[in-house]
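Subject: Structure handover

Hello,

Here is the structure I promised to pass on. Please open it and keep it beside you while you read.

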Amino acid sequence: MNTPAQAPAQFRAAVVREPRGAFAIESARLDDVRDDEVLVRVVASGLCHTDVAVRNGVMPTPLPAVLGHEGSGVVEAVGSAVRYVQPGDHVVLSYLSCGTCKECEAGRPSSCISIRPLCFGGCRPDGSHAIESHDGSTLHDRFFGQSSFADYAVANERNVIKVDTDLPLQLLGPLGCGFMTGAGAMWNELPVVPGSIVAVFGTGAVGLSAIMAARIAGATTIIAIDRVQERLALSAELGATHGVDSSGGDTAEKIRAIAPTGVNVAFDTSGRPEIIRAAFDVLAQRGVLGLVAPAGDVAFNVPELIGGCKTVKGIALGGGSARTLVPLMLDYYRKGQYPFDRLVQYYPLSGINDAVRDSGEGRVIKPVLLMDEQVPRETS
């Protein structure tokens, strides 16, 4: 295996080797960068519930694997066919799409027909790998086309987004998935317009991002639903006009007390069937329910669906294109209207298992792993 001159012969990667196993920091080696690929020195990577779901064996990426799909960093080398970026550019990494299907050609790569094998297959389309273990054994990689839980990532030209060099790279990774999922749902996929009544179920990273985006879109009533009082308080600071504690009593009844004729948009981030059903029940006539978290089977009353002219819609990665969404989020961030930095807690890469634990226990909204291990003192 040839190693690009711009990277060390070996570098660190957080590897998970068995379902529900701990991440271990191991040495890895790089393959050559191919013509359409980009070598990125990773500065930081967000930790997403999808990473944990794969670790737990709930989603179908083969192990052992290097996960991570919210990376940000600096371009170190590019393949001969790459024109969009060059060495030295700062980038956010996002999901990989094929670039040639009908959805991709229409500017909707989040709906790419090949997104599952490209993002969860654990290898390049030809079965090869961009990285391998230090002893030459297989590490499944290319997770979302990046595998950013490592000092270096090999991405494709299609799934890097160039950003201004004055922005803090350590902060930007979650824009490529979690934050984009919430904001894009409000801006691209759901009918949020000035005057809309919106209910957001779950105030984690995706839900709080959706609340900020709904406020920007002009929604006048934004209802945050959660069991954690601290999260509800934060949602009020970020744009929610009402908070509903879902830990006791009838959640739908509480929402109806705020919006007697129902909500125009309900957005579920919980993935819990009983919460999704409550979200459906509070829809107004012609209301739309957006779903972003896997939940298994959920039963809806079809006469109610038809009579209410309601829509239940699955949304992947915020819809549309990451290259449109990321700059838009950053524009609102610069204006002070989308303060996603308030959701971030930093961890060193070596503390990845602490980040997984704290996220699972609800102690942190969006963990971000720093490759240089230098966690800012105020967030340590």
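Below are notes on a sheet, a helix and a cavity. Please keep in mind that this is a predicted model.

Four of them form an open sheet, in the order 4-1-2-7, and the pairing is antiparallel. Strand 4 and strand 7 (131-133) are the edges, as each pairs on one side only. As background, strands of a sheet pair through backbone hydrogen bonds, either parallel or antiparallel.

Strand 4 covers residues 65-66 and is joined to strand 1 by two bridges. Look for valine 16 here: its bridge partner in strand 4 is alanine 65.

Next comes the pairing of strand 1 with strand 2 (residues 24-30). Five bridges hold this antiparallel pair.

Then go on to strand 7. Strand 2 pairs with strand 7 over three bridges, again in the antiparallel sense. Leucine 30 has isoleucine 131 of strand 7 as its bridge partner.

Why is strand 1 described as largely enclosed by the rest of the structure? Five of the six residues in strand 1 (residues 11-16) are buried, so the rest of the structure largely encloses this strand.

**Helix 6**

Helix 6 runs over residues 205-217, which makes 13 residues. From first C-alpha to last, helix 6 reaches 18 Å. That is close to the 18 Å expected at 1.5 Å a residue.

Is helix 6 mostly covered or mostly open? Mostly covered: 11 of its 13 residues are buried. Among the buried ones are Leu208, Ile211, Met212 and Ile216. After helix 6 comes glycine 218, with a positive phi near 105 degrees.

**The cavity**

How many cavities of 30 Å³ or more are there? The count is one. The largest cavity holds about 40 Å³ of space.

Eight names make up its lining: Ala130, Ile131, Asp141, Arg142, Gln146, Ser147, Tyr152 and Val154. By type, the lining has four nonpolar, two polar and two charged residues. Isoleucine 131 links two parts of these notes. Ile131 lines the largest cavity, and isoleucine 131 is also the bridge partner of leucine 30.

That is the handover. Please write back with any questions.

Best wishes

How values were computed. Residues numbered from 1 in each chain as written. Predicted model: local features only at pLDDT ≥ 70, side-chain atom pairs only at ≥ 80, totals over all residues. Heavy atoms only, no water. Helix = DSSP H or I, 4+ residues; strand = E, 2+ residues; numbered from the N terminus. Expected span 1.5 Å × (residues − 1). Buried < 20%, exposed > 50% of the residue type's maximum accessible area, 1.4 Å probe, protein only. Pairing = 2+ DSSP bridges. 1 Å grid on protein atoms, 1.4 Å probe; cavity = no way out; pocket = protein on both sides within 12 Å on 5 of 7 lines; lining within 4 Å. Points joined across faces, edges and corners; volume = space filled by probe spheres on them. Nonpolar A, V, L, I, M, F, W, Y, C, P; charged D, E, K, R; others polar.
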